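Visitor: Could you walk me through this structure, and tell me what each term rests on?

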Amino acid sequence: MDDDDDLLEATAFFLESMGYDVVSFASGEAFLAAGGAHRVELLLSDINMPGMSGLELQDIVRHRFPKIKVIMMTALRDEALKEKALANGARDLLQKPILADDLVNSIEKA
């Protein structure tokens, strides 16, 4: 999930080429409105998005769909933000630009 269409498309294409089933959303609101979250195993979400932030979405997912693993990503270099994401249950916080190996390793660990 990312509001940057190019990054969203590139990430989805890369993960699909790695054999993952991917559904992309440009916002947390769109993800929640689509339904089907009960079929999601892992949520990869940007933190800084218009409307609902990734941290707000993470909190909703943690309460409504506790089986979904969450990996957050951000371009911001903020240690407090990382601590907050991890304290709220994120499995990892990846720094943009994200290296392919780092993304795959984070997904496999989750």
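Guide: Let us begin with the largest pocket, to whose lining helix α1 gives the most, with 5 residues; helices (H or I, at least four residues) and strands (E, at least two) are DSSP runs, numbered from the N terminus. This is a predicted model, in which local features need pLDDT of at least 70 and side-chain atom pairs count only at pLDDT 80 or more, while totals for chains, interfaces and linings use all residues. Residues are numbered from 1 along each chain as its sequence is written, and side-chain values use heavy atoms, with hydrogens and water left out.

Visitor: What makes a space a pocket, and how much space lies in the largest pocket?

Guide: On a 1 Å grid over the protein atoms alone, a pocket is an open set of points where a 1.4 Å probe fits, with protein on both sides within 12 Å along at least five of seven lines, and lining residues have an atom within 4 Å of a point. About 780 Å³ of space lies in the largest pocket, the volume being the space filled by probe spheres set on the points, which are joined across faces, edges and corners. Of the 27 residues that line the largest pocket, Asp21, Val22, Val23, Val40 and Leu42 are the closest to its centre.

Visitor: Why is the pair of phenylalanine 25 and phenylalanine 31 called edge-to-face?

Guide: Rings of Phe, Tyr and Trp (its six-membered ring) pair if their centres lie within 6.5 Å, and planes under 30 degrees apart count as stacked, over 60 as edge-to-face and the rest as tilted. By this rule the count comes to 1 aromatic pair. The ring centres of phenylalanine 25 and phenylalanine 31 are 5.6 Å apart and their planes stand at 80°, so the pair is edge-to-face.

Visitor: How do you know whether phenylalanine 31 is buried or exposed?

Guide: Buried means under 20% relative accessible area, exposed over 50%, and partly exposed in between (1.4 Å probe, protein chains only). Phenylalanine 31 has a relative accessible area of 4%, so it is buried, and phenylalanine 25, at 17% relative accessibility, counts as buried.

Visitor: Why does glutamine 58 count as buried, and which residues does glutamine 58 touch?

Guide: Glutamine 58, found in helix α3 (residues 54–64), counts as buried because its relative accessibility is 1%. Contact means heavy atoms within 4.5 Å, and, not counting residues up to four places away in sequence, glutamine 58 touches Val70, Met72, Ala85, Asn88, Gly89 and Ala90.
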